[in-house]
Amino acid sequence: MLKLTFVGGANTVTGSNFLVENEKGRILVDCGLEQGRDFVEEEMYAPFPYDVPSIDALVITHAHLDHIGRCPKLMREGFKGKVYATPPTKDLMDVMLYDSVNILTQEAKKHGLAPMYDEDDIRAFMARVEPLDYHTEKEVAPGLSIFLRHTGHILGSCSVRVRDEDGASVALTGDIGAKSPYLEPWEPIPDADVLVMESVYGDRLHPHLDNRIPQLRDTLRRAIARGGVILMPAFSLERSQLMLYEISNLMSAGEIPKIPVFLDSPLAISATRVYEKWGDEYFNKDAQAEIQREHSIFKFPFLTMTESRDESREIESTQNPKMIMAGAGMSHGGRIGRWEQAFLPDRNTTLLIVGYQAPGSPGRRLQDGSPSVKIDGRDVSVRATVETLSSWSAHADRDELLNFAQSALPHTKTIFTALGEPSSQRFLAQRIHDYLGGNAVVPSAGQVWEITKEGARKPKY
């Protein structure tokens with residue numbers, strides 16, 4: 001029999017951390033940060049609520065910080081096991097963790113705290129990573145094996161099916177992707193007794209995907225006509241690459257004016273290099289054919305990648321209109337803060353929001369129409385036009401999540417809706433119950449469930 005503990009990821013979008021164990025072995029799936037408010041959260045710095053040295057293996061679903069951001073902290077608490085991730089995820093983790101340590105250290109210093117971890121911890125952690133590709137069954141702890149499948153969220157993202165030696169199984173999706181022009185789509189999980197699935201957009205639909213490119217085109221045309229700066233707080237993984245891909249296509253087709261575009265994010269630049277490294281092997285066939293024709297599906301003549309601070313400062317001297325894509329995606333750090341302070345008070349500025357904004361984040365306040373926002377400790381008035389392009393989310397929407405759940409039935413006996421705001425978790429669970437006849441449960445943080453071939457049940461103590 002398996003036991004599943006919702007350490008993180010219940011009633012919250014971020015902070016993914018799940019413990020799966022039997023009498024012989026213990027596996028963690030993800031070990032992420034809670035994001036969207038302060039980088040420094042009391043619970044993030046507290047000791048883990050499980051015995052870290054007893055963990056046999058850690059499996060990573062993908063390389064976003066809300067899934068990997070506390071991994072090096074495990075080393076400080078005595079982790080001795082192996083780490084398993086797809087080859088692209090391993091490369092992206094290396095990029096993401098070394099970038100995040102600087103921000104975490106700065107934030108800790110502001111609050112009078114010691115850093116959560118340092119570069120030595122990252123090196124020790126990365127030394128334990130063993131690449132594991134999709135569709136390979138592997139025993140990673142005594143009596144526990146894992147099997148990875150595509151989820152179509154970002155490059156290298158996967159679901160993790162854990163099975164014990166008696167055949168009981170639980171699958172955890174990480175994040176499930178929306179349709180991508182270059183990533184492989186999500187794969188069904190037909191062989192799990194229990195499923196833990198994300199629910200970020202469990203109560204919402206994206207605008208129809210057929211309309212998202214015309215919407216991007218028309219929004220950019222309006223923004224360019226204003227003659228000001230176009231700011232895009234961009235998530236460095238996947239959203240930045242997707243935007244580069246589509247803007248390149250629009251300019252090549254003559255559907256938007258050719259203006260200077262700056263990718264002002266060292267992290268996004270490094271991530272784009274990883275995408276280009278693995279594209280020939282891990283992109284879908286159409287994208288692979290496009291790479292053969294064009295060599296790069298992300299770079300175009302009007303794009304400048306500004307890696308150094310000096311290069312970044314030179315952007316200001318470029319004549320408007322121009323577009324600046326910079327991290328962080330929720331406006332809670334990174335170079336975008338400097339540009340927002342400079343240009344949000346200008347009525348000719350357009351702020352394009354192209355991803356999920358967590359409650360309490362500066363990005364969420366901007367999205368909700370706040371007349372001012374605090375950025376890097378400074379109150380900034382907002383006169384810019386704020387546009388939200390929600391159909392560009394890398395997360396599947398309500399109906400696609402329902403399709404995913406349906407693909408797991410009837411084998412799956414219990415479906416947990418996790419990794420979402422409480423309202424979206426509840427809504428999706430109700431839909432699974434009403435529309436599919438499935439047994440859907442909204443878990444609470446810290447809950448422990450027993451997993452058998454008959455589904456999930458609460459332990460009898």
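Strand S3 (residues 26–29) and strand S4 (residues 57–59) pair in the parallel sense over 3 bridges. Pairing requires at least two bridges found by DSSP between two strands. Strands are DSSP runs of E with at least two residues, helices are runs of H or I with at least four, and both are numbered from the N terminus. Ile27 stands opposite Ala57 in S4.

S3 also pairs with S2: the two run antiparallel, joined by 4 bridges. A hairpin connects S2 to S3 through 4 residues. Leu19 faces Leu28 in S3. Arg26 and Leu28 point one way from S3, Ile27 and Val29 the other way, and all are buried. Buried means under 20% relative accessible area, exposed over 50%, and partly exposed in between, with a 1.4 Å probe and protein chains only.

This is a predicted model, in which local features need pLDDT of at least 70 and side-chain atom pairs count only at pLDDT 80 or more, while totals for chains, interfaces and linings use all residues. Residues are numbered from 1 along each chain as its sequence is written, and side-chain values use heavy atoms, leaving out hydrogens and water.

An open sheet holds 7 strands in the order S7-S8-S9-S10-S11-S20-S21, with mixed pairing. Its edge strands are S7 (138–141) and S21 (440–441), each pairing on one side only. Inside the order, S9 (residues 158–164) and S10 (residues 169–172) are antiparallel over 4 bridges. Ala171 in S10 is the bridge partner of Arg161.

Helix H14 (residues 422–436) lies across S11, S20 and S21, at about 155° to S20. These angles run from 0 to 180 degrees between N-to-C directions, and the axes are lines fitted to C-alpha atoms, for helices over the stretch in contact.

Leu401 is found in H13. Leu401 counts as buried because its relative accessible area is 0%. Beyond neighbours within four places in sequence, its contacts (heavy atoms within 4.5 Å) include Ile176, Met197, Tyr201 and Leu428.

Thr12 sits in the loop between S1 (2–8) and S2 (17–21). Its relative accessible area is 18%, so Thr12 is buried. Thr12 touches Glu34, Leu419, Gly420 and Gln425, not counting residues up to four places away in sequence.

Leu419 itself lies in the loop between S20 and H14. Which backbone angle of Leu419 is positive? Phi is, near 50°, in a residue other than glycine. Leu419 is buried, with a relative accessible area of 2%. His135, in the loop between S6 (129–131) and S7, also has a positive phi, of about 65°. His135 is partly exposed, at 42% relative accessible area.

| Cis peptide bond | Omega |
|---|---|
| Asn320 and Pro321 | about -5° |
| Gly327 and Ala328 | about 15° |

Pro321 is in the loop between H10 (309–314) and S15 (322–326). Ala328 is in the loop between S15 and H11 (336–343).

The second largest pocket has a volume of about 470 Å³. Of its 21 lining residues, the closest to the centre are Ala178, Lys179, Ser180, Leu209 and Arg212. A pocket is an open set of points on a 1 Å grid over the protein atoms alone, where a 1.4 Å probe fits, with protein on both sides within 12 Å along at least five of seven lines; lining residues have an atom within 4 Å of a point. The volume is the space filled by probe spheres set on the points, which are joined across faces, edges and corners. H6 (212–226) and H13 each supply at least two lining residues.
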